[in-house]
Amino acid sequence: MTGFESEADAGDADWRPVARTRTYELVIDRVEEQIVSGALKVGDRLPAERDLAKMLGVSRAAVREAFRALEAQGVLRMGVGTGPDSGTTVAALPSQALTRLLRLHVALANFPVADVVRARIMLERESARHAATRARPDDLHRLGELLDEMDSPDCDRARFNDLDTEFHVRIAEAGGNRLVADMTIAIRESMRRPLLAAFDALGDDWHPIAEELRRDHRKTYQALRDGDAKAAEELTEAHIRAFYAHGWAREL
């Protein structure tokens, strides 16, 4: 009996030998096949490096490299030692992996600002509409706290940017669509530094624009509290467009 067959929680995964060209990438392909097919699920433990290397007809180094690459992507979790948390398992937080990959893709792809903003509008309208009917009391409470913190005289531009990011992310999460929320988070997080740079570039013009942003946030928050889905999505779009109309994407 192989080491893989002894792992009852790995299901009926079919591990076939792989060609030796770019071996570690082909090992990744095999692992992904098992996940996509449903043979491996969240929490399932993969075979030990030695056993999997033998099953696939590759070196342990290739398996180790594949595991490390998948761990970096957030697909696998590698534990050391003995016990229930040891070994290599399918990660239980795939949404964090998706967010990380999307954030890097958006940050590196040099998309036109207008394209990114239009994507934000589509996603955040959806989130705001659903959040108006799905937000829980604790969601609304936290959103209110964020607005109060943004109103503080001690809130500098960097802190305001962080609070603004969390405000939009919280609405996305309250909307209840995990994929839409993850995509929103990825795009918003990818824009965190460019937005801070934009805030700094405003000079003294920052203060009236910050007040405008605060008013927009309060209106959106009230629409969420009132359960007014139409107002929430329309206010969200108007808020995003108005900010970028100050010079970063006038074509919107």
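Rings of Phe, Tyr and Trp (its six-membered ring) pair up if their centres lie within 6.5 Å; planes under 30 degrees apart count as stacked, over 60 as edge-to-face and the rest as tilted. Keep that handy for this predicted model, where local features need pLDDT of at least 70, side-chain atom pairs count only at pLDDT 80 or more, and totals for chains, interfaces and linings use all residues. Residues are numbered from 1 along each chain as its sequence is written, and side-chain values use heavy atoms, with hydrogens and water left out.

**Stop one: the rings.** Select F160, F199, W206, F243 and Y244, which form one aromatic cluster. By the ring rule, the count comes to five aromatic pairs. Zoom in on F199 and W206: the ring centres sit 4.6 Å apart with planes at 45°, so this pair is tilted. F199 belongs to helix α9 (residues 192-201) and F243 to helix α11 (residues 229-244), so the pair ties together parts 44 residues apart in sequence.

Buried or exposed, what is F199? F199 has 1% relative accessibility, so it counts as buried (under 20% relative accessible area; exposed is over 50%, partly exposed in between, using a 1.4 Å probe and protein chains only). W206 is buried too, at 4%.

**Stop two: a helix pair.** Select α6 (residues 137-151) and α7 (residues 157-174), packed at an angle of about 165° with axes 10 Å apart. That makes α6 roughly antiparallel to α7 (over 145 degrees; under 35 is roughly parallel, 65 to 115 roughly perpendicular and the rest oblique).

Notes:
Axes fitted to C-alpha atoms, helices over the stretch in contact; angles between N-to-C directions. Helix = DSSP H or I, 4+ residues; strand = E, 2+ residues; numbered from the N terminus.
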